[in-house]
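Take a look at the model below. Then read on for a short report on a sheet and a group of rings.

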Amino acid sequence: MATTNDIKNGTVLRLDGQLWTIIEFQHVKPGKGGAFVRTKMKNVVTGKTVDKTFNAGLKIETANVDKRNYQYLYKDGDDFIFMDTDTYDQVPVSAAVVGDAVNYMLENQMVLVAQNEGVPLYIELPASVVLEITYTEPGLQGDRSTGGTKPATLETGAEIQVPLFLEQGTKVKVDTRDGSYLGRVTD
């Protein structure tokens, strides 16, 4: 147990049986009345963001979230198998927990897996990854980098928008947060 005075960014709280991460907080001491803490919290599982105010000194339950580097090995049915590179333990993570990250994950890639009491909560990918374009329509003569965009399918099966001049087999850098094209990568 902790108090609202212990709140800081990144603290994980257990409220009503759910885990919430503190994104922002502000201790407020008005001239009249009691002090309070204004927070912006994100649900660890669903990603929903809410604002919540706590009275100062209120007892709150914190949760221990363990983030470790794991290597993505393979997909087994509905589960994704990750390996702890220190202990070589293999951990199955459900497709619901992996979520949209599946669009940017290749086998043997390193990711952060956040766990609470041995239960995987979510995974964090690097900010950007390099993937190869497996299919896109051919570019037309005269297409320039400042032109429009076209859909391209990546080696993971995800589809992103790329500039018209890119061709099949090109490696591109992709932002894992929103799936946007960041640039072409040359070997």
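## Basis

This is a predicted model, in which local features need pLDDT of at least 70, side-chain atom pairs count only at pLDDT 80 or more, and totals for chains, interfaces and linings use all residues. Residues are numbered from 1 along each chain as its sequence is written, and side-chain values use heavy atoms, with hydrogens and water left out.

Strands β12 (residues 128–136) and β15 (residues 171–175) run antiparallel and are joined by five bridges. S128 has D175 in β15 as its bridge partner.

## The aromatic cluster

The whole structure holds two aromatic pairs (rings of Phe, Tyr and Trp, the last by its six-membered ring, with centres within 6.5 Å; planes under 30 degrees apart are stacked, over 60 edge-to-face, the rest tilted). Y72 and F80 make a tilted pair, 5.9 Å centre to centre with 50° between the planes. Both are buried (under 20% relative accessible area, 1.4 Å probe, protein chains only).

Y72 and F82 are also tilted, at 5.5 Å and 45°. Y72 lies in strand β7 (residues 66–76) and F82 in strand β8 (residues 79–84), so this pair ties together parts ten residues apart in sequence. Y72 and F82 are both buried. Ring pairs link Y72, F80 and F82 into a cluster.

Key. Two strands pair if DSSP finds at least two bridges between them. Helices (H or I, at least four residues) and strands (E, at least two) are DSSP runs, numbered from the N terminus. Buried means under 20% relative accessible area, exposed over 50%, partly exposed in between (1.4 Å probe, protein chains only).
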